[in-house]
Amino acid sequence: MDDWRQRVDAVWADADDSREQATLDAIDALVAERPANDPEALFEAASGRDFAGREADAEPFYRAALAHGLTEPYRGQAIVQLASTLRNLDRPAEALSLLRDFLGAEPEHPLADAARAFAALCLFDDGMRADALREALGALAPHLPRYGRAVTAYAAALDDD
């Protein structure tokens, strides 16, 4: 792991909700050390803005990071975080589409369950309560030591009526 990544990780390890601007300032100082189109730096800039509650400012950084070839382990994080940002910007359908594309391409990604959790939130926000619960239970069922099959079947039978 390089020195820059270690310093970024140290900022996040020290991040505190009461010091959002200080965290963002520290991230921005590290981002400034990298080339303007560095995908990891763009991802960190987006994450810093998200952390500070500046979702509208975070979105273009996430999109730029992905467009410039952000790789794992940060690519999956960027997709989930961008979807969360879009949801917070009151665009749950757009967020859900992003998550569905991600899950369709990488159903076994380590963040697949996180993506499903955010998909459930998007569905809930769009008024699709049964779909939201079905999504959440579908993500949970494979982790149940017992009753996974039953939970899957009951989830499939849910409707909003």
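1. Residues are numbered from 1 along each chain as its sequence is written. Because the model is predicted, local features need pLDDT of at least 70 and side-chain atom pairs count only at pLDDT 80 or more, whereas totals for chains, interfaces and linings use all residues; side-chain values use heavy atoms, without hydrogens and water.

2. Helix α3 spans residues 39-51 and helix α4 spans residues 55-67 (helices are DSSP runs of H or I, at least four residues, numbered from the N terminus). The two pack at an angle of about 160 degrees, with their axes 8 Å apart (axes are lines fitted to C-alpha atoms over the stretch in contact, and angles run from 0 to 180 degrees between N-to-C directions). Helix α3 is therefore roughly antiparallel to α4, a term for angles over 145 degrees.

3. The contact (heavy atoms within 4.5 Å) involves several residues of each helix, including Leu-42 and Phe-43 of α3 and Phe-61 and Tyr-62 of α4. By class, this contact of α3 with α4 has 10 nonpolar, 1 polar and 4 charged residues (Ala, Val, Leu, Ile, Met, Phe, Trp, Tyr, Cys and Pro count as nonpolar, Asp, Glu, Lys and Arg as charged, and the others, Gly among them, as polar).

4. Gly-148 lies in helix α9, residues 148-157. Gly-148 is buried, with a relative accessible area of 15% (buried means under 20%, exposed over 50%, partly exposed in between, with a 1.4 Å probe and protein chains only).

5. Arg-129 belongs to helix α8, residues 129-140, and is partly exposed, at a relative accessible area of 40%. Not counting residues up to four places away in sequence, Arg-129 touches Phe-124 and Asp-160.

Terms used:
Parallel < 35°, antiparallel > 145°, perpendicular 65-115°, else oblique.
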